Amino acid sequence: MVAQKFLVDMNKPLVFQVGHLGEDYDEWVHEPIVSKDGPRFFQSDFLELFTRTAWWVIPTVWLPVASWFIFNSVKSGLPSQQVAPFVLLGIFVWTLAEYTLHRFLFHVKTKSYWGNTFHYLLHGCHHKHPMDSYRLVFPPVAAAILALPIWNLVKLICTPSIAPAVFGGILLGYVMYDCTHYYLHHGQPKSEVPKSLKLSKIISQEKAYDNSFVMLQKYHLNHHYRLQNYGFGITSPLWDKVFGTVPPPQSKADAKRR
């Protein structure tokens with residue numbers, strides 16, 4: 001007898017279905033459904049509530065927490081002129097953490113029931129439904145779970161007065177990451193033609209921003225729709241360049257196939 005492949009019923013809650021896909025899960029999850037209507041995860045309304053997070057929740061929750069950590073460095077005796085450099089160091093550390101988490105955790109290959117289920121909750125759902133705005137940023141509880149070991153590592157490496165400033169910078173980097181990620185999927189760059197010479201300087205600055213945004217947006221969407229094993233940087237392609245995971249240029253043959 002030939003075993004039949006498991007078929008996911010998109011009209012039913014998905015979380016406890018995807019584990020049954022086994023080794024077919026990776027292919028399934030990287031065939032995106034481009035719709036703003038997100039799927040249902042759980043039958044329970046209570047559990048379903050915790051899977052949906054609006055983008056503005058991220059800065060609302062984490063900016064005060066980051067500020068509290070930075071203030072604690074000052075309170076612990078870190079000179080005020082040294083606060084900004086250590087916060088910037090934390091933001092830089094976050095860019096590496098962002099790349100590492102995205103490449104090695106969010107894109108881990110799984111085929112077991114619970115491995116597939118965990119991966120779908122962590123990141124697979126975003127690749128399957130990339131335009132689901134309420135499953136795009138990290139729920140605060142999940143982010144706190146990931147932040148705890150990072151905080152413990154920072155405390156281990158840094159002095160008691162420096163550690164909170166560095167970790168506060170890491171949290172600021174995370175807020176930048178999640179908000180940037182949201183707008184890479186849902187933001188719309190401006191394209192107005194200047195009608196007044198007095199506004200030309202402002203418009204040129206806006207155009208420069210828009211061009212940078214469009215390039216970063218294309219870079220990230222390329223990760224979703226073309227080469228999922230490249231382009232792990234969200235806020236910057238820096239670490240993709242360092243570790244050799246910059247997406248190769250699209251060939252004419254690729255373009256024709258698309």
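User: Why is Thr110 called buried?

Analyst: Thr110 has a relative accessible area of 19%. Buried means under 20% relative accessible area, computed with a 1.4 Å probe on protein chains only, whereas over 50% is exposed and the range in between is partly exposed. Thr110 is therefore classed as buried. The model is a predicted one, in which local features need pLDDT of at least 70 and side-chain atom pairs count only at pLDDT 80 or more, while totals for chains, interfaces and linings use all residues. Residues are numbered from 1 along each chain as its sequence is written, and side-chain values use heavy atoms, with hydrogens and water left out.

User: Where does Thr110 lie, and which residues is Thr110 in contact with, leaving aside its neighbours within four places in sequence?

Analyst: Thr110 belongs to the loop between α5 (80-105) and α6 (113-128). Contact means heavy atoms within 4.5 Å. With those neighbours set aside, the partners of Thr110 are Gly22, Tyr25, Gly115, Asn116 and His119. Gly22 is 88 residues away along the chain, and its C-alpha atom is separated from that of Thr110 by 8.0 Å.

User: What makes α4 roughly parallel to α7?

Analyst: The axes of α4 (residues 57-75) and α7 (residues 140-157) cross at roughly 25° and come within 12 Å. Angles under 35 degrees count as roughly parallel, over 145 as roughly antiparallel, 65 to 115 as roughly perpendicular and the rest as oblique. The angle of α4 with α7 therefore makes the pair roughly parallel. Such angles run from 0 to 180 degrees between N-to-C directions.

User: At what angle do α7 and α8 pack, and which residues make their contact?

Analyst: α7 and α8 (residues 163-186) pack at about 150°, with axes 10 Å apart. The contact joins Ala143, Ala147, Ile150, Trp151, Val154 and Lys155 of α7 to Ala163, Pro164, Val166, Phe167, Ile170 and Tyr174 of α8. Eleven of the contact residues are nonpolar, none is polar and one is charged.

Notes: Helix = DSSP H or I, 4+ residues; strand = E, 2+ residues; numbered from the N terminus. Nonpolar A, V, L, I, M, F, W, Y, C, P; charged D, E, K, R; others polar.
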